[in-house]
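Hello,

Here is the structure I promised to send over. Have a look at it first, and then read on for what turned up.

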Amino acid sequence: MPQSEPADARMRACGAAETSGPVQSLRLPRPRSPRSGEILLDVLAAGVGAWDQLLASGEWDVGLRLPAALGVEGAGRVVAVGPDVTAPAVGDLVLAHSAPLPGHSGFWAEQVLLPAADTAPLPEGLDPARAAALPVNGLTACQALDWLDLSTGMHLLLTNGAGATGVLVLQLAVAAGVHVTATASPRSFDRLRRLGATDVIDYRSPAWPREVGRTFDAALAAAPGTAATAGELVRPGGRLCSITSDAPATSAELTSTDLYVRPDAETLAVLAGRLRDGVLDLPTEVLPLDEGPGAFDRSSRGLTGGTKFVLRVTGPASSDTKPA
C-alpha cells in the first residue's frame, strides 16, 4: 500500500493551475530548503496588483511552473536561510518585492522561497499587512521619479493620481518640492489636494488636456493609454515615464521610457519607515487568502477605487479597513 503524504507536506495557496486558467485556492507542495543566496519565509501577508495577471497568463515569464501561487510582494518571517546568508536571520520579519524563482511559487502561499538580497527589514511597529501593500507600488513610484530627475519647483503631470502608485508618486514628489497636477475622478479630488496636489483634473472630461492650462517639465503616465496625450503637454526637452508600457518614442523634443519595476531592498527599507511613521499614506484593504480570486479579478479590471488589496496569509484575523 502506498505511503500517505504527511499532513503538513502541502500548504494553502492561491494561484493558477494552468496558463490563463482561473485564479483559485490551491494546495501546493511546500518549497524546498533554501540554497545559496536564498531564504524561506512564512508569509504573513501579500499584495495584489494588476501585474499578477501577467504572471497568470504567462506574459511575464519568470519560469513559473503551474500549478503555482501568484504574488510578487509581501511580508513574512524568515524560517530558514541558505548556507551563505548572513542577513536576514531566522526569526527576522522582512518585506520584499521579488518575482517567483523559476519553478517555484509567489507570495500568495503559506511559504515562499526568494533571494535574500531582495528583502528589507520590517520596521518595528509596522503591521505586516500594511507593509505588504507597499513594495511594488512604492518602488515603482521611486524609480519613476528617479528617472524623471525633477528638481524643486518643477511641474509634473501625473495621470491616475488616485491609484496605488499615483498617490505615492504624488506624496514623494510633493515632499521633494515638485508641483504636481494629477488626473483623477472627482471623488478623489479632495484627498489628492490634501496630499499636496497643486491641481486635480477630471480624467473623464474629453477636454482635460486643454484644461490643465500649462505645459510641464515632465509627465508620469500611470493610467493606460494616457502616455501619448501626456507627452504632448511636456515642454520641449522634457521627460515622460510610463508605467503602463505605452510610452511614445523618444524624439528631439521628448525623452521617454517605459519603466518596469525592479527589486531594491535599500529603497524599500526607507519607504517602509516612512509608511510606519505616517509620512506616506496608502489606502489598504486586507482580505483572507481564500478571497484572493476576487481581489485578483478586481485588481486586474481596475476596480479597486484606489485601494490596495492585501491577502492575510497567516496570523490573526485583521480588522484593517480602508481609510476614510
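**Salt bridges and nonpolar cores**

At 52% relative accessibility, R204 counts as exposed, because the limit for exposed is over 50%. The side chain of R204 meets that of D202 in a salt bridge, with 3.4 Å from N to O. Before going further, please keep in mind that this is a predicted model.

The D202 and R204 pair is one of 10 salt bridges counted in the model. Another one joins E73 to K308, where the closest N and O atoms are 2.7 Å apart. E73 sits in strand β5 (residues 73-81) and K308 in strand β16 (residues 308-312), so this pair ties together parts that are 235 residues apart in sequence. Both partners, E73 and K308, are buried.

Next comes E110, which forms a salt bridge with R30; here the closest N and O atoms are 3.5 Å apart. This pair also links distant parts of the chain, 80 residues apart. E110 is in the loop between β6 (93-97) and β7 (111-115), while R30 is in the loop between β2 (23-29) and β3 (38-47). Are the two partners buried or exposed? E110 has a relative accessible area of 16%, so it counts as buried, the limit being under 20%.

Now to the nonpolar side of things. The largest nonpolar core has 50 residues, and those with the most contacts inside it are L95, L156, L192 and L220. Which elements give two or more residues to this core? They are the helices α2 (128-132), α3 (135-148), α4 (164-175), α5 (189-194) and α8 (265-276), together with the strands β9 (155-159), β10 (179-184) and β12 (216-221). Of these, α4 gives the most, with 7 residues.

Leaving aside its neighbours within four places in sequence, L220 is in contact with A144, L148, L156, L157, L158, T159, V169, C241 and I243. Apart from this core lies another one, of 36 residues, with L55, V62, V72 and F309 among them.

Notes. Residues numbered from 1 in each chain as written. Predicted model: local features only at pLDDT ≥ 70, side-chain atom pairs only at ≥ 80, totals over all residues. Heavy atoms only, no water. Salt bridge = Lys/Arg side-chain N within 4 Å of Asp/Glu carboxyl O. Helix = DSSP H or I, 4+ residues; strand = E, 2+ residues; numbered from the N terminus. Buried < 20%, exposed > 50% of the residue type's maximum accessible area, 1.4 Å probe, protein only. Core = buried A, V, L, I, M, F, W, Y, C linked by side-chain atoms within 4.5 Å. Contact = heavy atoms within 4.5 Å.
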